[in-house]
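The following paragraphs lead the reader through the structure shown here, beginning with the contact between its chains.

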Amino acid sequence: MPPLSEKLLTPIEEIDEPGLGGPAGRPAPVLSLRDVRIKDQAGGRELVHGVSFTLTPGKAVGIVGESGSGKTLTCRAALGILPAHFEISGGSVAIDGSDIADLTPAQWTALRGATISAVFQDPASYLNPSIRVGAQIAEVIRVKKGLKRREAHRRAIELLRAVHLRDAELVCSQYTYELSGGMLQRVLIAAAIAADPRILIADEATTALDVTVQAEILDLLADLRERTGLALVVVSHDLAVVAQLCDEVLVMREGEVVEQGPTREVLHHPRHAYTRLLIAEHEQYGLEKFLATKEDA
Amino acid sequence: MSTRPVLEVKDLDVHYGLRRRRRRALHEVSLSVAPGETVGIIGETGSGKSTLARAALGLVPVSAGSIVVDGEDVSSYGHRQWRTLRRRGVIQYVFQDPLRSLDPDLTIEASLAEPLLIQGMSRGEAAVRVRSFLSRVRLSEDLLDRSPAELSGGQRQRVAVARALVTEPRLIILDEPVSALDSANRVQILQILKELRGDGVALVFISHDLGSVAGVADRIAVLYQGELVEAGAARDVISRPRHPYTRLLVSSAPTLHSAPAERAEREALRALLHA
């Protein structure tokens with residue numbers, strides 16, 4: 001299989017293998033959570049009360065909820081990076097078929113980046129301010145793919161191009177303070193996909209960005225998914241962000257999944273009051289009512 | 001009530017920096033706000049929207065053009081004149097981060113009463129007035145003896161709105177008032193702002209997010225790279241945007257039911273704007 005970034009640079013008409021990959025029929029899940037519960041050992045409280053979903057290649061699952069609803073903890077559990085004192089107290093997580101409970105630290109290291117990867121809200125805090133961004137991406141490629149320095153640098157530029165940065169060579173030689181938030185998030189996405197992962201978790205990855213830049217990043221994620229079969233977990237407080245990108249939505253509140261189903265189903269027939277509140281907010285205050293009149297006209 | 005605009009900005013230019021580092025932040029911006037009207041100002045980071053707010057509050061010097069607040073040309077006002085104007089409480093403001101706009105050492109009651117005491121109102125009268133405004137912003141009296149740090153972000157922003165309201169101003173400028181809030185609190189603030197429309201106070205609501213302004217504003221003005229590229233009734237600007245940037249804004253706003261075809265449209269608009 002050609003590496004993910006190469007596929008991204010190929011015009012979509014020329015991709016012969018379908019992004020969804022695998023033999024006909026049901027593709028094997030790349031990530032599955034079964035009734036995952038997360039507990040704070042220090043406080044003895046359960047904070048996430050059972051999250052289940054299955055992600056197959058090329059699919060996108062969205063998790064919506066306010067801060068403190070447990071959506072980020074769920075992602076961190078899947079990445080094996082729960083904060084100190086927190087543990088998975090029930091259920092199971094399987095990445096590419098293997099249960100993460102049995103993983104050794106070495107196996108985790110091999111898995112992160114190469115199979116499962118993530119981008120978060122504040123891209124600047126995940127990059128070293130005193131190292132050029134190109135070198136930081138190249139490092140991922142050298143460590144994860146075993147490429148030589150020069151080759152890794154060339155690949156870093158390719159990746160920056162793949163995430164639609166206009167002047168990839170220039171960006172490569174720049175420091176974080178020289179780049180805008182939207183550019184930094186692209187750099188982070190480039191680093192996240194450098195080792196050709198199969199799953200990308202985007203946790204509030206566009207929250208701090210201007211609306212137009214947010215749309216650029218969401219379009220990029222949609223593009224990655226279509227062209228490379230990358231599976232996405234999109235976490236946001238904004239139902240509309242998730243609705244744009246995902247096939248399935250989980251609505252979380254206070255650690256509980258209050259609603260879950262295909263996106264269209266959840267949007268058109270919300271059952272839980274909280275989901276209805278999220279939808280009402282958009283309908284009352286968003287652009288919906290103006291755009292609806294446009295369609296009617 | 002007179003129909004004279006409460007805020008009239010004409011051909012406003014604002015520059016930052018000196019000599020070779022001098023940079024234009026606003027260019028020939030004209031905008032008029034009628035009494036009781038809610039005007040939304042939309043723009044991305046660096047578009048000059050906060051500069052416009054700051055100019056209208058006398059916080060940045062005007063390079064060219066004029067600003068008239070409630071009939072007074074304030075473009076050439078000095079510190080002293082601005083202070084007198086602000087003390088009259090005709091124009092008030094609410095910023096994004098209420099923790100920074102409220103004095104951390106004052107109780108909520110003291111913060112709310114302060115603008116009234118400055119105007120010369122007695123403590124007793126001020127206390128009555130403060131209480132009469134609490135229900136408008138859905139805050140309970142129990143919060144009055146707390147400090148800002150003891151309140152949630154949403155409560156603090158409602159305090160900031162109440163503080164702007166107590167002097168019964170003619171104009172409130174709100175700079176990203178809901179950007180730091182979660183959805184429940186955002187809805188609550190938007191609802192409060194909507195209810196203010198009947199009171200004759202004009203609002204200038206500045207935001208990067210068309211979505212949060214759409215349901216509240218009567219008119220919308222779009223700033224792009226320091227220039228006002230489009231203005232009109234909210235409905236028209238959103239359903240029939242003319243400028244490429246406005247079109248990109250509308251097609252970028254995440255909606256619950258969007259067509260995938262919009263992606264190609266956004267791509268074309270981005271290419272057009274970057275050309």
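In this predicted model, the contact between the chains draws on 30 residues from chain A and 28 residues from chain B. On the side of chain A that touches chain B, at least two residues come from each of the helices α8, α9 (239–245), α11 (273–285) and α12 (288–296). Sorted by class, that side of chain A comprises 14 nonpolar, nine polar and seven charged residues. For the model, the scores are ipTM 0.79 and pTM 0.83.

Helix α8 of chain A, which spans residues 211–228, also packs within its own chain. Its axis and that of helix α7 (residues 181–192) of chain A come within 10 Å and cross at roughly 15°. Angles under 35 degrees count as roughly parallel, and α7(A) and α8(A) are therefore roughly parallel to each other. The crossing in which α7(A) passes α8(A) is right-handed. On the α7(A) side, the contact is made by Gly182(A), Gln185(A) and Ile189(A), and on the α8(A) side by Val213(A), Glu216(A), Ile217(A) and Leu220(A). Of the residues in this contact of α7(A) with α8(A), four are nonpolar, two polar and one charged.

Chain B is predicted with a mean pLDDT of 90, and 98% of its residues reach 70 or more. An unreviewed UniProt entry places the feature "domain: ABC transporter" at residues 9–250 of chain B. That span of chain B is 37% helix and 25% strand, and its end C-alpha atoms lie 26 Å apart.

Conventions. Residues are numbered from 1 along each chain as its sequence is written. Chains are lettered from A and ligands numbered from 1 in the order in which they are written. This is a predicted model: local features need pLDDT of at least 70, side-chain atom pairs count only at pLDDT 80 or more; totals for chains, interfaces and linings use all residues. pLDDT is the predictor's confidence in each residue, from 0 to 100. Axes are lines fitted to C-alpha atoms, for helices over the stretch in contact, and angles run from 0 to 180 degrees between N-to-C directions. Helices (H or I, at least four residues) and strands (E, at least two) are DSSP runs, numbered from the N terminus. Angles under 35 degrees count as roughly parallel, over 145 as roughly antiparallel, 65 to 115 as roughly perpendicular and the rest as oblique. A crossing is left-handed if the near helix is turned anticlockwise from the far one by less than a right angle, and right-handed if clockwise. Two residues are in contact if their C-beta atoms, placed from the backbone, lie within 7 Å. Ala, Val, Leu, Ile, Met, Phe, Trp, Tyr, Cys and Pro count as nonpolar, Asp, Glu, Lys and Arg as charged, and the others, Gly among them, as polar. UniProt positions are given in the numbering used here, feature names are shortened, and annotations may be inferred rather than shown by experiment.
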